[in-house]
Amino acid sequence: MTLAALFAVLIGMCLLLVRALLGPTLYDRVLAVNSFGTKTVLVIGLLGYVMGRTDFLDIAILYTLINFVATIAILKFFRYRSFQVPLARRADPAARGGDSNG
Amino acid sequence: MTDAVLGGTGTALINILLLAILFVVAIAIARLRSLFAIVMLSGVYSLVSAAWYILVDAVDVGFTEAAVGAGMSTAVLLAAMLLTARTAKPEKPFSRIGPFIVCAAAGIMLLYATIDLPPLGDPASPANSGVGLTYLQVNWYDTGVPNVVTSVLASYRGFDTLGETAVVFTAGLAVVLLLGFGERSLADTLRRAPKSGTRPGTVHKDGDGT
């Protein structure tokens with residue numbers, strides 16, 4: 001049963017990969033990569049149960065935290081076109097010379 | 001080989017699937033011209049290879065790959081994209097032959113090297129003939145950490161790892177202090193400096209998304 005779930009998630013990864021490769025817009029790719037990270041976390045969690053190593057769950061949680069960093073970086077890149085703006089500052093992006101690419 | 005160790009054809013199939021995904025992503029990275037898509041796909045590549053490292057029980061390598069490859073290098077590559085164009089230049093028809101020959105030669109050498117490798121989990125392999133077996137025996141009673149490599153890194157060589165972390169942290173801090181933050185940072189200075197011509201970070205729009 002867990003193995004079947006693992007294969008289902010892996011097939012989902014393949015479908016996401018298709019979206020990341022073909023994705024007509026950038027946002028398709030961002031979403032595909034973000035969901036790919038989530039799928040990786042799921043794969044590792046399920047893998048722990050398939051292999052009988054339930055302590056893989058801790059690693060899966062840590063992966064979730066790391067996946068967050070990349071997503072925040074990408075979103076900040078689109079919003080401000082710079083990594084030097086603190087997230088708390090809600091400045092108009094046009095004032096900094098970048099468009100929000102929307 | 002993996003069958004004997006991991007047990008069952010299921011895990012072997014997962015191995016094949018993950019490696020196939022890695023292969024497809026690598027080919028796509030080599031073929032694409034949009035740099036943003038390449039950055040995204042390199043993040044995907046890191047995540048899948050990290051999952052695969054965990055599947056073959058190299059937890060520490062997988063964790064480093066996820067932290068450095070999927071987390072940090074995506075941010076660093078995006079920051080580099082702020083200072084350059086969004087798409088790679090089209091290449092001349094025969095400019096890929098040289099790199100291809102180098103890659104093929106390196107790949108053949110690596111494949112040749114795998115012939116001499118002992119099978120996965122071989123108790124007579126050189127890695128297991130020294131103190132490795134001793135660690136395998138005493139590790140659980142000493143530390144209670146299920147992964148032996150992790151126990152060696154974090155417990156037996158704890159101070160060594162702490163020193164390494166301090167060195168890497170100091171190096172990162174020095175780089176950040178040199179490049180600076182906010183208005184007076186190097187990137188902002190570079191962005192403000194040229195009044196005409198191409199302004200890095202704002203001008204180039206790539207084909208997808210805009």
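## Chain A

In this predicted model, chain A has three helices and zero strands. Walk along its sequence and you get the pattern α-α-α.

How much of chain A is buried? Of its 102 residues, 37% fall into that group. As for how the chain folds back on itself, take the contacts between residues at least 6 apart in sequence: 32% of them join residues at least 24 apart.

## Chain B

Chain B is helical too, with ten helices and zero strands. Its pattern, read along the sequence, is α-α-α-α-α-α-α-α-α-α.

Buried residues account for 19% of the 210 residues here. Look at the chain B contacts with a separation of 6 or more, and 51% of them are between residues 24 or more positions apart.

## Where the two chains meet

Now for the interface: 42 residues of chain A are in contact with 43 residues of chain B. Which helices of chain B supply at least two residues each to the side that touches chain A? They are helix 2 (9–31), helix 3 (35–55), helix 4 (59–81) and helix 10 (186–192). Helix 3 of chain B gives the largest share of that side, with twelve residues.

What sort of residues are they? The side of chain B that touches chain A has 30 nonpolar residues, along with eleven polar and two charged ones.

## Quick recap

Methods
Residues are numbered from 1 along each chain as its sequence is written. Chains are lettered from A and ligands numbered from 1 in the order in which they are written. This is a predicted model: local features need pLDDT of at least 70, side-chain atom pairs count only at pLDDT 80 or more; totals for chains, interfaces and linings use all residues. Two residues are in contact if their C-beta atoms, placed from the backbone, lie within 7 Å. Helices (H or I, at least four residues) and strands (E, at least two) are DSSP runs, numbered from the N terminus. Ala, Val, Leu, Ile, Met, Phe, Trp, Tyr, Cys and Pro count as nonpolar, Asp, Glu, Lys and Arg as charged, and the others, Gly among them, as polar. A residue is buried if 20 or more other C-beta atoms lie within 10 Å of its own, exposed if 12 or fewer, and partly exposed in between; C-beta atoms are placed from the backbone.
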